[in-house]
Amino acid sequence: MAILEKLEKASLREIMQVAFREHILVPAFNVAYLPMVAGIVEVLRECQTFALLEVSRPDITRFGAESFRAVKEEYDRFGDPKLTRLHQDHVPVIDEEGAMVDWRALIEEALQLGYHSVMIDGSRLSFAENVRVTKEVGEKAHKLGVCVEAELGAVLGHEAGPLPPYEELFASGKGFTSPEEAAQFVRETGVDWLSIAVGNIHGAISGVAKDAKKVEARLNIEHLQKIQSLTGIPLVLHGGSGIKKQYVLEAIRNGITKINVGTEIRQAYEQGWRESGTVLGAQKVLRQRLRELIQDYYGIQGSALRLAEKL
Ligand code: G3H
Ligand code: ZN
């Protein structure tokens, strides 16, 4: 469709600004196995939905994404510039096991490879240190026209070991992003999109828990509204798998522009693989789950057309 050429020509920054203004959700699907790229793009075409494909360190080190380069090559083969962009997810300064990470090298690698956006995750640092690293990444990435996402607050769940009971976490607001800090963070860093914690948690990535059904998270919408009113940039909801639908829809009306979805599409792909022992079988179960998410859960079929109209 000719109108989609507008999306092809637009920068990711422009697309995300329109999505933010118009409350159109842009999902970011984690690529835990390379053949997921083709499966995801096929469903995006069917549904005329715009989305990001993204890859994080755990996708590479714990699952089958292989490397940032391998995902980029797969993306070059199957991605569709009218419907997709490629994002480097979670580059932590301190990782989920407490180890220091050579984050500069990882970000540099994605910039060299031509990723359209990167995420520096300084959420395990002090506020001042998080500002410092985010600013540094922004200065480098923006020169290349690459968008930067950062995280403030703690989206728990990737760490090994059991989480406190979810209801306890939610009620205490432990790790929630402070709206005032978020405002200061955005001002001082010039970050493009901000990942926030308002009740969302990550699906597990280790042990038997990585195969279990994720807890159904809720979101504190009032808290989200405060963050939105003080920041004015696209907000990102990590831990997108398994959040109750009513909360996701309400969140989209209140500043959430990007939602990261990992666990449930990885588990769908793995289920298909177990049942069939073939990549085609795994992709089939993945595609089915994606259709349900896009059509029945987020209601974003045709989002590429709506975005293109407003560009
Ligand atoms: O950055 C990745 C996402 O936050 C994925 O979270 O695995 O709980 O869907 P999820
Ligand atoms: Zn995440």
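**Contacts, cores and a zinc site**

Colleague: Leaving aside neighbours within four places in sequence, which residues is Ile107 in contact with?
Modeller: Contact means heavy atoms within 4.5 Å. With neighbours within four places in sequence left aside, the residues in contact with Ile107 are Gln88, Val91, Val118, Met119, Ile120 and Val137.

Colleague: What kind of model is this?
Modeller: Residues are numbered from 1 along each chain as its sequence is written, chains are lettered from A and ligands numbered from 1 in the order in which they are written, and side-chain values use heavy atoms, with hydrogens and water left out. Local features need pLDDT of at least 70, side-chain atom pairs count only at pLDDT 80 or more, and totals for chains, interfaces and linings use all residues; the model is predicted.

Colleague: Is Ile107 buried or exposed?
Modeller: Ile107 is found in helix H6, residues 103-113; helices (H or I, at least four residues) and strands (E, at least two) are DSSP runs, numbered from the N terminus. Buried means under 20% relative accessible area, exposed over 50%, and partly exposed in between, with a 1.4 Å probe and protein chains only. The relative accessible area of Ile107 is 4%, so Ile107 is buried.

Colleague: How many Å apart in space are Ile107 and Val186, C-alpha to C-alpha?
Modeller: In sequence, 79 residues separate Ile107 and Val186. Taken C-alpha to C-alpha, their separation in space is 20 Å.

Colleague: Which residues does Thr231 touch, not counting those up to four places away in sequence?
Modeller: Thr231 lies in helix H10, residues 221-231. Thr231 counts as buried because its relative accessible area is 12%. Beyond four places in sequence, Thr231 touches Ala182, Ala183 and Val186.

Colleague: Which residues is Leu194 in contact with, leaving aside its neighbours within four places in sequence?
Modeller: Leu194 is among the residues that touch the most other members of the largest core. Outside four places in sequence, Leu194 is in contact with Ala150, Glu151, Leu152, Ala182, Phe185, Val186, Ile233, Pro234, Leu235 and Val236.

Colleague: How many residues are in the second core?
Modeller: This core is separate, and it includes Leu12, Ala304, Leu307 and Ala308. Its size is 20 residues.

Colleague: Which residues are the protein donors of the zinc ion (ligand 2)?
Modeller: Donors are N, O and S atoms within 2.8 Å of the metal (3.2 Å for Na, K and Ca); water is not among the atoms, so sites may look incomplete. Here the donors lie 2.0 to 2.1 Å from the zinc ion, and they are His90 (NE2), His202 (NE2) and His238 (ND1).

Colleague: How many residues apart are His90 and His238?
Modeller: The donor residues are spaced H-x111-H-x35-H in sequence. His90 is in strand E3 (residues 84-92) and His238 in the loop between strand E7 (235-237) and helix H11 (245-252), so the pair links distant parts of the chain, and the two are apart by 148 residues.

Note on methods
A nonpolar core is a set of buried Ala, Val, Leu, Ile, Met, Phe, Trp, Tyr and Cys residues joined through side-chain atoms within 4.5 Å.
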